[in-house]
Structures are given as structure tokens and as C-alpha cells.
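Here is a briefing on one protein chain and its ligand. Read it with the model open beside you.

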Amino acid sequence: MPVHRPAVKRFLDGPLLAPPDLSMVLLVREDDDTTAGPMPTVAVGEIPHLVKELSNVGIRSVKVFAGSRLRDSRASQGASPHGLMMRAIRAAKEADEQIAVMTETCLCAHTDTGECYLGGVAGVIDMAATAEAMALQAVAQAEAGADIVGPAAMMPGTTSAVRAALDDSGHKDVAIMPHLILDSVLYEGYRTAMGAAPASGTRAFQIPAGQSDTAVQAGVGFLDEGADMLLLEPAAFTVDTLLRIKAQRPMPLMPFSVSGEYLRLTRETDDGRDVDPLVELFTMLKRSGADRIITYAALDVARSLG
Ligand SMILES: NCc1[nH]cc(CCC(=O)O)c1CC(=O)O
Ligand SMILES: [Zn+2]
């Protein structure tokens with residue numbers, strides 16, 4: 001087939017990637033927080049303007065991360081109705097009721113250890129208390145207006161606990177998208193930005209990169225617990241897992257292009273941010289069957305697709 005002819009090439013190529021494919025990551029900070037970190041952050045007060053900008057370019061969703069100033073052994077501030085996460089959700093929804101607000105539901109930005117679970121560094125992991133704390137957080141997020149909550153501790157039992165708590169509190173229509181996380185060096189920028197580095201040095205429940213069956217099994221396990229869709233991270237290194245889960249269980253699958261991908265595959269130029277390598281990555285993800293893509297560069301990518 002003479003596909004090298006420019007007109008034929010252009011005809012067959014078509015735009016595979018479009019703004020509605022993208023969800024914009026928001027790392028939310030308090031309005032008076034001026035600390036400079038490795039990742040772009042957004043102050044709560046800036047959310048309404050940003051959400052309108054996102055809507056204007058055709059982006060239909062945000063994925064919100066927010067930590068607590070006060071951290072303790074129970075991650076108690078994570079479920080506060082006045083917490084940063086809940087204020088961020090309300091700000092996004094007030095700016096545009098139509099925007100799908102997805103949250104991270106986890107303990108690491110609320111515990112004094114930076115661990116995703118309760119129980120302390122040397123102590124035994126308290127799975128029941130962790131599931132309970134995450135369920136409380138999910139309900140608080142739903143009350144604030146979240147559409148999709150995202151258990152991210154990679155702990156079995158947390159998705160079913162979140163589902164039960166949402167159902168019992170009148171939030172049957174709030175969806176759950178657990179994070180399916182492979183161990184990676186690419187989370188460093190995020191952990192620094194959020195002050196959520198684990199005191200133990202590792203994330204006990206994340207899956208070692210060499211274990212392909214374990215990754216598939218964990219994802220299917222979350223679906224069996226009642227997940228409506230799955231987030232896979234890092235986006236670039238979980239494509240095999242995505243393909244295998246998709247073949248087994250056709251559910252919406254969303255790669256999350258994490259901080260390290262953003263930091264290493266984009267760069268600042270004289271006229272804005274060059275995100276071309278991410279456009280290539282996301283195009284490959286769409287070819288591979290990704291339903292949506294969650295990225296810190298959603299706005300820049302949408303604009304570059306212009
Ligand atoms: N709590 C799990 C979680 N939520 C977000 C990220 C990383 C996101 C990124 O790097 O952009 C992680 C992984 C981790 O901290 O180990
Ligand atoms: Zn966590």
C-alpha cells in the first residue's frame with residue numbers, strides 16, 4: 001500500500017488523541033503555601049479559573065490530590081469536611097458542575113509516617129483500621145461532591161470497604177477507581193511535592209516490576225471487590241498489564257502518567273512547555289486500548305493538539 005504519499009498518510013493518520021481523552025491532575029496546596037517544589041501545584045483559590053480553562057479546551061475531568069497540614073498516626077485530618085481535599089472538590093464543582101471530579105483516597109498525605117496505611121513503621125500494619133480510615137475519607141469526598149473516588153493504598157479489602165461505606169451513606173452512584181500501582185522510581189517528584197515519602201522507604205503493597213501475573217491478579221481482585229474502573233501507574237510501564245486485564249475484564253482502564261514521566265518527558269522552552277514526548281506516549285496508550293489518560297500535562301497536551 002503506497003502509504004507514504006502525504007495525502008494518504010494524512011488521511012489514514014487522523015487524530016487518535018483528543019482533549020476529552022485527558023484528565024488533568026491537580027496537586028492542591030493551601031492558598032498561603034508558597035513553598036517551591038518539583039511539581040506544578042494549584043492553590044485552592046486558583047481552582048475555579050483552572051477548571052473553566054480545562055472545560056474550554058474540552059477536558060472533562062480532574063484528578064485531585066491534597067494532603068493535610070496536620071498529620072498524625074490515624075490520618076485523622078484526611079476525612080475532615082473542612083480538609084484541603086474537600087475544599088478543592090467543592091471549588092471544582094462550583095466552577096463547573098459537569099466536570100468529573102476524581103479523587104485520590106489514601107492515607108500517605110495525612111499520616112505522620114507518610115505510609116499509605118495505619119500501623120507505624122516498625123509496627124504491624126493494621127489492615128482493618130486502614131480500610132476504615134479510607135472508607136471515612138471516601139464518604140467525606142463523596143459528600144463534598146466527588147464523582148469517582150480512588151483508593152490508592154494497594155491494600156486488598158480497601159475497595160470493598162469503600163464501596164460498602166459509600167452505599168451505606170447514600171452514595172451508591174459514586175464510582176470507585178482504585179490505583180493499580182507497580183513499584184517505580186518515578187513517584188519521587190510526587191512524594192516530595194506532597195511530603196508523602198514513606199518512613200519505611202518502601203510501599204509495602206506496590207507490585208514489583210517483574211511480577212506480571214501478580215499485577216493482573218491485583219487489578220482483577222479490585223474489580224472483584226467492586227471497582228468500576230482501574231487507574232494504572234506508571235502509565236508508560238503498565239501497558240502489558242492494561243492489555244491483559246482488558247482481555248480478561250473489559251472495564252474502563254486509565255493509565256496515570258506520573259510525576260517522573262512528566263519531569264523526564266517534558267521540558268520548559270521559551271514559548272511554554274514542550275510536551276511532545278508525552279503526546280507520543282499517550283498516542284501509544286490509546287493504540288493499546290487506554291480509555292482515558294490521567295496527566296499533569298493535560299492542559300498543555302490539549303493545547304498542543306489544538
Ligand atoms: N499513594 C499512592 C500514590 N498516589 C500517587 C502516587 C504517585 C503519583 C505521581 O508520581 O505522580 C502514588 C505512589 C506512591 O506514592 O508510592
Ligand atoms: Zn498513599
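**Overall fold**

The protein chain holds eleven helices and twelve strands. The model is predicted. Its points are grouped by topic below.

- The C-alpha trace of the protein chain spans about 65 × 45 × 40 Å along its principal axes.
- The radius of gyration of the protein chain is 19 Å, and a compact globule of 306 residues would have one near 19 Å, so the two agree.
- Of the 306 residues of the protein chain, 47% count as buried.
- Take the contacts between residues at least 6 apart in sequence: 75% of them join residues at least 24 apart.

**Nonpolar core**

- The largest nonpolar core has 101 residues. L26, V28, V62, V64, A88 and L107 touch the most other members.
- Helix 4, residues 127-144, gives the most to this core: ten residues.
- In general, nonpolar side chains tend to be buried together in soluble globular proteins.
- What does V64 contact, leaving aside its neighbours within four places in sequence? The partners are L26, V28, M85, A88, I89, V101, M102, T103 and E104.

**Strands 7, 8 and 9**

- Strand 7 (residues 179-181) runs parallel to strand 8, and three bridges join them.
- Strand 8 (residues 230-233) also pairs with strand 9 in the parallel sense, again over three bridges.
- L232 of strand 8 is the bridge partner of L180. L232 also stands opposite P255 in strand 9.
- L230 has L253 of strand 9 as its bridge partner.
- Strand 8 is covered on both faces. L230 and L232 lie on one side, L231 and E233 on the other, and all are buried.
- Is strand 9 (residues 253-257) mostly covered or mostly open? Strand 9 is mostly covered, because five of its five residues are buried.
- L253, P255 and S257 point one way from strand 9, while M254 and F256 point the other way.

**Ligand site**

- How many residues surround ligand 1? There are 14, and the closest are A152, Y187, Y190, V258 and S259.
- The shell around ligand 1 divides into ten nonpolar residues, one polar and three charged.

**The loop at L186**

- L186 is found in the loop between strand 7 and helix 6 (188-194).
- L186 counts as buried because 21 C-beta neighbours lie inside 10 Å, and the cut-off is 20 or more.
- Neighbours within four places aside, L186 is in contact with P234, V258, S259, G260 and E261.
- Of those partners, V258 and S259 are also among the residues closest to ligand 1.
- L186 and T202 are 16 residues apart in sequence, and their C-alpha atoms are 13 Å apart in space.

**Backbone exceptions**

- As background, most residues other than glycine have a negative phi, and most peptide bonds are trans.
- A75 has a positive phi of about 55° although it is not a glycine. A75 is found in the loop between strand 3 (61-66) and helix 3 (84-95).
- Why does A75 count as buried? A75 has 27 C-beta neighbours inside 10 Å, and 20 or more are needed.
- M154 is not a glycine either, and its phi is near 60°, a positive value. M154 is found in the loop between strand 5 (148-149) and helix 5 (158-168).
- M154 is buried, with 22 other C-beta atoms within 10 Å.
- A cis peptide bond joins E233 and P234, with omega about -5°.
- E233 is one of the buried residues of strand 8. P234 is found in the loop between strand 8 and helix 8 (239-248).

- Is helix 1 (residues 6-13) largely in the open or largely covered? Helix 1 lies largely in the open, because the number buried among its eight residues is zero.

How values were computed
Residues are numbered from 1 along each chain as its sequence is written. Chains are lettered from A and ligands numbered from 1 in the order in which they are written. This is a predicted model: local features need pLDDT of at least 70, side-chain atom pairs count only at pLDDT 80 or more; totals for chains, interfaces and linings use all residues. A nonpolar core is a set of buried Ala, Val, Leu, Ile, Met, Phe, Trp, Tyr and Cys residues joined through C-beta atoms within 7 Å. A residue is buried if 20 or more other C-beta atoms lie within 10 Å of its own, exposed if 12 or fewer, and partly exposed in between; C-beta atoms are placed from the backbone. Helices (H or I, at least four residues) and strands (E, at least two) are DSSP runs, numbered from the N terminus. Two residues are in contact if their C-beta atoms, placed from the backbone, lie within 7 Å. A residue is near a molecule or strand if its C-beta atom, placed from the backbone, lies within 6 Å of it. Ala, Val, Leu, Ile, Met, Phe, Trp, Tyr, Cys and Pro count as nonpolar, Asp, Glu, Lys and Arg as charged, and the others, Gly among them, as polar. The radius of gyration is taken over C-alpha atoms; the globule rule is 2.2 Å times the number of residues to the power 0.38. Two strands pair if DSSP finds at least two bridges between them.
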